[in-house]
Amino acid sequence: MKKQIKLNAVVATLQFGQRLDQALKELFPKYSRSCLKTWILKQYVSVNGMIADKAKKKVFGGELISIHAEITDTTCLASRKIKLNIVYEDADILLINKPSQLVVHPGPGHHDDTVMNALLYHFPTSACIPRAGIVHRLDKDTTGLMVIAKTIPAQNNLLEALQKRKITREYEAIVTGRIIIDGKVDAPIGRHVTKRTHMAVNTTGKPALTYYHIIKNFRSHTWLKLRLDTGRTHQIRVHMSHITHPIVGDPIYSLRPRLPKGFSEDLITTLCSFNRQALHATMLRMSHPISGIAMEWHTKLPQDMLALIHAIRIDTENFQQ
């Protein structure tokens, strides 16, 4: 689906002598210079009513600039009308609460049903931002908060903040087994030696640090709050599996559900039917990438995790009786 963008502005006198693409970048800072240059070459830009197809054309001040552009995607990606649960939005950033079963980036088997495709539909200007403004990802079946940039300056600042570990991300998870004390997992993560689509604790991998805090202990499970110090692929899932407390429902890093003697039929049914990792990104804290204002967002656990916790709690209470 094509999207129409119509922009108008007057070249400032202070821009005398600038190249057209440079002047456009100052007039329309939301768009990258390469994007604007592409529009010039495609003859989407007019100066005083005349098509301008040379990026190096000089401006003198006072010219009326009109842009009528068609955007279909970042390069060749399709936009799709996929609902986004928007938690917060301003001119520079977007916070969404990602559901389960939604992939973030297009890839094999998911060419047009991803967060990126949705962003291209709801925010056509994201086509001019690398990766449509996405700066971090959640696994397909991990739910929760994601921050997305709506402008290139915001994206650059968010990426820098992530690299400098200035963005705090917290998760909640239900793991197998009883953890009796808060702790951390400090173990490097890299590609699995034989299963190349899997990750593993690996001495040749990149440093990875995960902190965990006990919210509630149950009979054979633990409800945890986790905080990432780094952001490796599958980090929480790999680290929890590494310390023999895999996340309930994890199809890659957890074995078949452990069913101790005496588990209720309701809990057995709930565990066996829980078809994703019980992991949710509950909190994101950062400074706004443009204003610098400290901001923090929280989101509640999704219904499937609440139902899982309820079943585990009831089983524990019945066992203690």
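Me: Hello! Is Pro-246 buried or exposed?
Reply: Happy to start there, with the note that this is a predicted model. The relative accessible area of Pro-246 is 9%. Buried means under 20%, so with 9% Pro-246 counts as buried.

Me: Where in the chain does Pro-246 lie, and which residues is Pro-246 in contact with, leaving aside its neighbours within four places in sequence?
Reply: Helix α5 covers 235-242 and helix α6 covers 265-273, and Pro-246 sits in the loop between them. Gln-235 is 11 residues from Pro-246 in sequence and 12 Å away in space, C-alpha to C-alpha. Leaving aside neighbours within four places in sequence, the contacts of Pro-246 are Ile-174, Val-175, Thr-176, Met-240, Ser-241, Tyr-253 and Ser-254.

Me: Let's step back to the whole chain. How many helices and strands are there?
Reply: The chain has 321 residues, and 50% of them count as buried. Its C-alpha atoms fill a box of roughly 85 × 40 × 35 Å, taken along the principal axes. The secondary structure comes to 7 helices and 15 strands.

Me: Which domains is the chain divided into?
Reply: The C-alpha centres of domain 1 and domain 3 are 49 Å apart. Among contacts between residues at least 6 apart in sequence, 66% join residues at least 24 apart. The division itself runs as domain 1 (3-71), domain 2 (77-164) and domain 3 (165-320).

Me: Which residues is Leu-119 in contact with, leaving aside its neighbours within four places in sequence?
Reply: Leaving aside neighbours within four places in sequence, the contacts of Leu-119 are Leu-84, Leu-94, Pro-124, Ser-126, Ala-132, Ile-134 and Ile-148.

Me: Which residues line the largest cavity?
Reply: The structure holds 1 cavity of 30 Å³ or more. About 70 Å³ of space lies in the largest cavity. By class, its lining has 6 nonpolar, 2 polar and 1 charged residues. By name, the lining residues are Leu-94, Leu-119, Phe-123, Thr-125, Ser-126, Ala-132, Ile-148, Ala-149 and Lys-150.

Me: What volume does the largest pocket have, and which residues are the closest to its centre?
Reply: The volume of the largest pocket is about 480 Å³. Its lining is made of 21 residues, and the closest to the centre are Arg-137, Asp-139, Lys-140, Thr-197 and His-234.

Me: Why does the largest pocket lie between domain 2 (77-164) and domain 3 (165-320)?
Reply: The residues of its lining divide into 7 nonpolar, 8 polar and 6 charged. The pocket lies between the two domains because both give residues to its lining, namely domain 2 (77-164) and domain 3 (165-320).

Me: What relative accessible area does Arg-165 have?
Reply: Arg-165 has its place in the loop between α4 (152-163) and β8 (168-176). Phi of Arg-165 is near 60°, a positive value in a residue other than glycine. Arg-165 is partly exposed, and its relative accessible area is 47%.

Me: Last one: which residues is His-198 in contact with, leaving aside its neighbours within four places in sequence?
Reply: His-198 lies in the loop between β10 (189-191) and β11 (199-201), and is buried with a relative accessible area of 19%. Ala-55 is 143 residues from His-198 in sequence and 46 Å away in space, C-alpha to C-alpha. Leaving aside neighbours within four places in sequence, the contacts of His-198 are Gly-190, Arg-191, His-192, Ile-252 and Tyr-253.

Terms used
Residues numbered from 1 in each chain as written. Predicted model: local features only at pLDDT ≥ 70, side-chain atom pairs only at ≥ 80, totals over all residues. Heavy atoms only, no water. Helix = DSSP H or I, 4+ residues; strand = E, 2+ residues; numbered from the N terminus. Buried < 20%, exposed > 50% of the residue type's maximum accessible area, 1.4 Å probe, protein only. Contact = heavy atoms within 4.5 Å. 1 Å grid on protein atoms, 1.4 Å probe; cavity = no way out; pocket = protein on both sides within 12 Å on 5 of 7 lines; lining within 4 Å. Points joined across faces, edges and corners; volume = space filled by probe spheres on them. Nonpolar A, V, L, I, M, F, W, Y, C, P; charged D, E, K, R; others polar. Domains from an automatic or database assignment.
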